[in-house]
Structures are given as C-alpha cells and as structure tokens.
Amino acid sequence: MTTNPAELAAQPYSGEKARLSRHFDYLILVLAFFLYIGSFHLNVALTVGDWDFWLDWKDRQWWPLITPLMMITFPAAVQSLLWERFRLPMGATLCMCCLLIGSWITRVFAYHYWNYFPINMVLPATMLPSALVLDVILMLTNSMTFTAIFGSAAFALLFYPSNWPMFGMFHVPVEYGGAQLTIADLFGFQYIRAGMPEYLRIIERGTLRTYGQYATPLASFFSALLCTLMYTLWWHLGKWFATVRYLKKI
Amino acid sequence: MLKRLGFLGCVLTTLAAGISVAHAHGEKALEPFIRMRTIQWYDVSWSNPTVEVNDAVTVTGRFHVAEDWPIGVPKPEAAYLNISVPGPVMIRTERYLNGQPWTNSVALRPGADYDFKVVLKARVPGRYHIHPFFNLKDAGPVMGPGRWIEIGGDAAAFSNPVKTLGGEVIDMESYGLATGVMWHGLWLLVGLAWLLWWISRPLFFPRYKMLEAGREAELVTPLDRRIAKVILVAVPVVVLGANAMAQNAYPNTIPLQAALDHIDPLEPVVNTGAVQVKILRAEYRVPGRSMAMTAQIFNGTGHPIRIGEFATAGLRFINAVAVVPSQDETDHLTAAAGLHLDNDAPIQPGERRTVMISATDAIWETEKLDGLIRDADSRLGGLLFFYDDAGQRYITSSSVAVIPRFD
Ligand SMILES: [Cu+2]
C-alpha cells in the first residue's frame, strides 16, 4: 500500500472496508479499461476510420476536422462521469490511453502480422496531449461550460501540431511516374490495398481547399467550434448514462 | 451517405473477420451484366509465375471499355486498376496505362481501348491467386483473368528503397517508424503517469462518499493543482516546440496529391470498322449451358476471315477449327473447343454473312454468368476475335439482349 498524503486525507474508510473498496476500484478499472478499449476503439474505427488507418488519408482538411470531433466523444462522457461523481480529472486521458493501446494492438496484429502492411503505413494519430489538456482544464476550472469552450478548442487545435512531428516527414515529395507525390501517397500506391482504390480517399476536397496553406488552421478552428458542441452533447450523454442508484445504497 | 454506411459495414465485418480475404476475391460476386459490359479484358499475361522475394512480376494486358455500358452502373469517371492480393504480399512499383505512368485514378471512356502494364515486386513468400482488376467508382471490382504466383525466399530480405526529391534514399519498410513509436511512447508515458497519479488513491466509493459529504476540497489537493498547471503549460509548449522542429527539419513538404490522372485512349483497336458484327439474337439454353448467337458479319478487310474466339467476363470460348489454342489456354476459364459455327468456311472479303455462333461450356454456370437471364439487365456483351489467313486479328465488341430457353 502506498502512503501518499492524499490517500490518508481522502479516505473515509478504514480496515476491511478500505480493502474491499480498493478491490472494487481495481475491478472497475480493469472493466473500464477493456470496455473503453473495445467501445471507444470501435467508435473511432467506425467514424474516423480510414483517416486514422492510412498515411495517405491524413490530409490537411478532413483529418484535422474529423479526428478531434470524433475523438472528443467518449472523453466528454467519461469526464462527466468521473468528474461529476468522483472528482477524478482523468476521463479524457483514460479514454485516449485505452484507444491508443487498442489501436496499436490492431495495427500491429491485424494490419501488420495478419495483412502484411508495414506498421509505419498504418501509424495511428495521437490525441493524448489534447486529452491531458482537456483533463486539467476541467480540473482547474471545475466547469463544464469552460471546458466545453476552452478545453474543446484546445483539444482540437493541439491535434495537428501534436501529430505533425510524426507525420510531417511522410509529406516529403518524391518524383514518381513523372509527377510529384508525397511519401504517404507512395505508400498508398505501392502497398496494394485491394479494397481501397485511390479514388475512395476523401482528402483535400471541399471549399477549405481554396485557402491553400491556411486549410489546416481553418479546418482546426472549424473542428474546435464543432468540438464545443460535441463535447456538450456527449457530456450530457455521459451524465444520462451514469447512474448512481447503486452507489447510493452503499 | 449510403457509401459511408456501406463502408461502415465493411469496417465492422473487417474488425470481425480480420480484413483478410483468402481466395474469394469476388470474381463471381458482381452481376453478370457488369462483368460482361464494362471492362472487357483480353491478352492478359504474366511474366513469370515463380519468383523470389524482391523479384519483379509484370502483368500486361489490354481491355476494351464496352460501348453498351450498363445504365445501372455509373460512368467510369474514376477507375483504378488494382491487383487482388491478400494484403501487400507484393508491392506495385510501376503501373502504366497506354504507356503513360499512372499512379492515381483515371477516367475511362466507353468504347475506347487501353493497354496496361503493372510491375509488381514480390514481398511475402507464399502461393497466391492474383488477378488484375478494376475498381470502378460506385460499381465494384471487375476482375480480370487470374494466375497462381509462387513467391519463394525470405520475407526479411525484402527492401524497398525510394529516393526523395531532396536526394535522400529512404527505406519505405521502416521510414518514420522510430519517430512514430518515440512520440507515441512519450505521450503514452505521460498519460499513464497522470492516470497512475490518480489511480494510486482510493477511488470510487471513498471519493463518492467524500463528495457527497461535501469534503470536495480534500479530493483535489494543492499539489494536484500545481501539477495540473504544469501540464496545462508544458504540454502545449512541447507540442508546439516539436511541431516547429518538425517543420524546420522538413521544410519542403507538400499536401497529399489527389489529382485524377488524364490518359487518352489508344487508337481504336476494337470495333475499327474493318469487320462489322451485329448480333441479331441470342438465346441461352439453360440445360445445355450454351449461348447461341445469330450474328450478321460483314468482312470489310481484304482477306478471308474466320471467327476464332468469343470472350466475355474473363471466359474464353475458342473455335478449335480456326485457331490452335496455345499451351496457356489450359486455364479453367477457357473452353478450348467451346465455340462452334454453323458454317466454318472463311468469310470472304466484302461478304456479308449471317452465322450461328454457339458458345458452349459448363463455365457459364460455374462462373455464375447464367444468372444473366434472371437479372434486371439481361443484355450480353463480349468480344469476338477474327483471324485472317495471314494471322492478322480483328476484334469486335457487341451486345445483345438474351432470351432464356429452358428446354
Ligand atoms: Cu483468383
């Protein structure tokens, strides 16, 4: 057992009751871990899907728009549960760690070992920096509204700079077949995906494209705006799902 | 929207089944009229069926885009020549359409002719049945003829060096992986540390009780708040700093390339007008598995010609009287003597003759093309190959409605 001062302070139980309650903590944590790996991972695979799976989908417009918007969902719901009921500011980080562990397992086993894709072609994006900031903003402000506005905005705006150190190098140009391609595009061409012809990519389309190099910041700001709404929606969903009926009996 | 839903369905299936497709690459899945009247493949050949890892395999072939493109299939405004492999057991190093390098998708023109060449490089040892096939936007995969390829050697020996515009040679198999793992590892460590910081305390019941008892202040200590403030500042600083460093390290990056390739068709190869064919009637005899076509043929060439072959949807019916099938045609999709005429005499220059052509073989049924007669679009399409006495070949593409006969 740790003898953390915080623990001594924040412990209304003692003896056998404390021990049981701690066992319960572990049980819930393990269940939550697998639940979030399963459900959040599935949710992201279904919504962000190819943008997160493939290098040659990680464009300047749709990727920074869709990814934060769809990845703020579960964190908001879990934050509402963990903060409102337990004052635990770790909902977003917990979701994101589970998601990344699940993603890495899928990429390594399903994509790499089973289907032969090089792992670098299917690197997932990270939203952990965003999630950490979202958690501490909620903790420091203790306000859903502030977090929805400033936390969600930070969540979306940090996405692209968090990931550029990993994915920027795949945007180095290559001359191929008499035209310029990014290394990411070349992955898509060389490493054959029978079910994913090039034209299925939803990239660099839409009106933001006309803003050229400003496409990414604009997409990020747009995403930030939508994240605010998405955060609020999922916060309430989380609240609605989380029931303390059983807790009250103890 | 439907496409996205369909795609979601695919992802679900994929997650359940693990992405893998063993050998059912959907040759027979598509409706017969799409397989017969969109991409009409011919002359597909493979360089060598047995290779080692890192060796090249070349697929070449030609196709005609049917004039009678089905109304139910969107026009081929974006098409992609793909290879049916179970994951990248081979990589595609080069692809050409009509001699032009071709990396993105392309618009095809109904009635036009194309030839293609795809160079593959063996990557994972094994034995694979491989087809060239067309992904047609909103239609599905139209399979070309397949071939077993045997790859020997050691997968670990595979290398794929690529030279960037800046002159740097990178290995695609590992490029960027260490950087990715490093950043993911770093953030995961920070994230897990933050989780551990909270998880190491009594959690759910105790905290809930204390919150209910109004002892909220004890749940988040001043030390927690100090750490949170550090995170609030340090995380964005690290993120923006790393981002700036990455931009400095790779200043000349470009966006993903999303242009459609533009490639003109060949000079007409099929339906040049030298030989003209009009199929007047086609009957499919279900019990006999035989397609009987009444064709009016005009020989506008200067030589006597004979009908040598009828090809549709990857199936080939050969007239053994007119051409001697080569060794390659022992393929199960080739009926080596499946084409019969009511009159085998050559058609003379300038002659217009009505010929009864019957293409008979069980492959109509085994390849599920007989389903045509139960389709909403039951028109048949295919290529007829004519040969003159000098060995010159003339190809026509025709289509006609099919009438079933159940007797
Ligand atoms: Cu096959």
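Let's start with F170(A), which touches L55(A), N120(A), L123(A), T182(A), I183(A), A184(A), F187(A), Y175(B) and G176(B), leaving out residues up to four places away in sequence. A touch, or contact, here means heavy atoms within 4.5 Å. The model is predicted: local features need pLDDT of at least 70, side-chain atom pairs count only at pLDDT 80 or more, and totals for chains, interfaces and linings use all residues. Residues are numbered from 1 along each chain as its sequence is written, chains are lettered from A in the order in which they are written, and side-chain values use heavy atoms, without hydrogens and water.

## The nonpolar core

F170(A) is also among the residues with the most contacts inside the largest nonpolar core, together with L108(B), F134(B), W364(B) and L380(B). This core has 187 residues. A nonpolar core is a set of buried Ala, Val, Leu, Ile, Met, Phe, Trp, Tyr and Cys residues joined through side-chain atoms within 4.5 Å. Buried means under 20% relative accessible area, exposed over 50%, and partly exposed in between, using a 1.4 Å probe and protein chains only.

Helix α6 (residues 91–114) of chain A gives the core its largest share, twelve residues. Apart from this core lies another, of six residues, including Y42(B) and F385(B).

## Chain A as a whole

Chain A has twelve helices and two strands. Both kinds of element are DSSP runs numbered from the N terminus: helices are H or I with at least four residues, and strands are E with at least two. Of the 250 residues of chain A, 65% count as buried. The C-alpha atoms of chain A fill a box of roughly 75 × 40 × 30 Å, taken along the principal axes.

Most residues other than glycine have a negative phi. R87(A), in the loop between α5 (73–86) and α6 of chain A, has a positive phi of about 55°. N142(A), in the loop between α7 (128–141) and α8 (144–157) of chain A, has a positive phi of about 50°.

Are these residues buried or exposed? R87(A) is buried, with a relative accessible area of 10%, while N142(A) is partly exposed at 38%.

## A sheet in chain B

In chain B, nine strands form an open sheet with mixed pairing, in the order β18-β17-β16-β21-β22-β14-β15-β20-β19. Strands pair if DSSP finds at least two bridges between them. β18 (334–335) and β19 (339–341) of chain B each have a single partner strand, so one side of each has no neighbour in the sheet.
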